[in-house]
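Me: I have a new model open and would like to get my bearings. Can we go through it together?
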Amino acid sequence: MATCILVPIGVTKETVERILAKSDIDMVKCIIAVTVPGFEKIKEPIIRAIGYLADMLGARLHRILIEPEDPKGARLVLDLLLSERPSTVVFVGITGSRYLYPIITMSLLQYWRLTNAKILLQHGIEGEEPKLIPFPGFFAPAMRISGVQKKVLNIVYSINNTLSGKDLMEKYGFTKSVYAVLEDLERKGLLIVRRGRIERTFPGELLYNIIKE
């Protein structure tokens with residue numbers, strides 16, 4: 001279960017250290033530092049700090065420079081991910097060049113579609129403790145959400161109790177096929193099934209509140 005951390009450069013050294021020190025990011029295989037031209041003297045110490053941390057973790061460090069309006073920018077990131085083939089990618093979305101975000105997003109969604117890898121966004125307000133959140137869920141309105149999936153989401157997010165797949169069958173009339181529904185909703189980042197219990201996600205909460213009647 002190797003993890004690759006994708007860092008848009010622009011973050012402070014202290015933020016990078018806190019990101020890589022988080023206990024819930026396991027088995028870091030590689031770190032991808034993505035940047036745009038400019039401010040090289042400011043960014044160089046950050047790159048060195050990331051390199052030092054990569055050495056400590058036994059991870060490979062890759063650097064990608066994306067020129068403004070480079071049509072191959074997203075492909076550079078995607079090709080590197082495909083060569084490393086991590087099962088989990090953590091996208092640091094706290095600071096860094098905002099120009100890179102839509103480019104990186106396109107790469108990550110394509111990698112997710114091709115490999116079914118877990119894509120997590122490190123999300124939060126700068127200066128506060130960030131959280132790891134399923135990234136594809138933020139794009140769920142552009143995905144196909146079936147009627148039965150909407151029904152499951154409505155049940156999960158409209159009641160206070162924690163449910164299981166068994167509860168959905170016994171209390172709400174679903175068949176065993178509900179487990180496949182839950183698996184697909186988890187893949188899309190709209191819920192998490194942990195030890196048989198269904199947990200909510202922030203993207204799932206957002207989607208529920210914009211699609212509910």
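Me: Where does Leu6 sit?
Reply: This is a predicted model, and in it Leu6 has its place in strand S1, which covers residues 3-8.

Me: Is Leu6 buried or exposed?
Reply: Leu6 is buried, because its relative accessible area is 0%, and buried here stands for under 20%.

Me: What is Leu6 in contact with, leaving aside neighbours within four places in sequence?
Reply: With those set aside, Leu6 is in contact with Ile32, Val34, Val77, Val89, Val90, Phe91, Val92, Ile104 and Leu108.

Me: OK, and which residues touch the most other members in the largest nonpolar core?
Reply: That core has 46 residues, and the ones touching the most other members are Leu6, Ile32, Leu108, Val152 and Leu168. Helix H4, residues 100-115, gives the most to this core, with seven residues.

Me: Which residues does a second, separate core include?
Reply: The second core is made of 15 residues, among them Ile5, Ala33, Ala54 and Ile94.

Me: Changing topic, what about the phi of Phe39?
Reply: Phi of Phe39 is near 55°, a positive value in a residue other than glycine. Phe39 lies in the loop between strand S2 (28-35) and helix H2 (40-57), and Phe39 counts as exposed because its relative accessible area is 67%.

Me: And where is Arg195?
Reply: Arg195 is in the loop that lies between strand S7 (191-194) and strand S8 (197-200). Its phi is near 55°, again a positive value in a residue other than glycine, and Arg195 is exposed, with a relative accessible area of 80%.

Technical notes:
Residues numbered from 1 in each chain as written. Predicted model: local features only at pLDDT ≥ 70, side-chain atom pairs only at ≥ 80, totals over all residues. Heavy atoms only, no water. Core = buried A, V, L, I, M, F, W, Y, C linked by side-chain atoms within 4.5 Å. Buried < 20%, exposed > 50% of the residue type's maximum accessible area, 1.4 Å probe, protein only. Helix = DSSP H or I, 4+ residues; strand = E, 2+ residues; numbered from the N terminus. Contact = heavy atoms within 4.5 Å.
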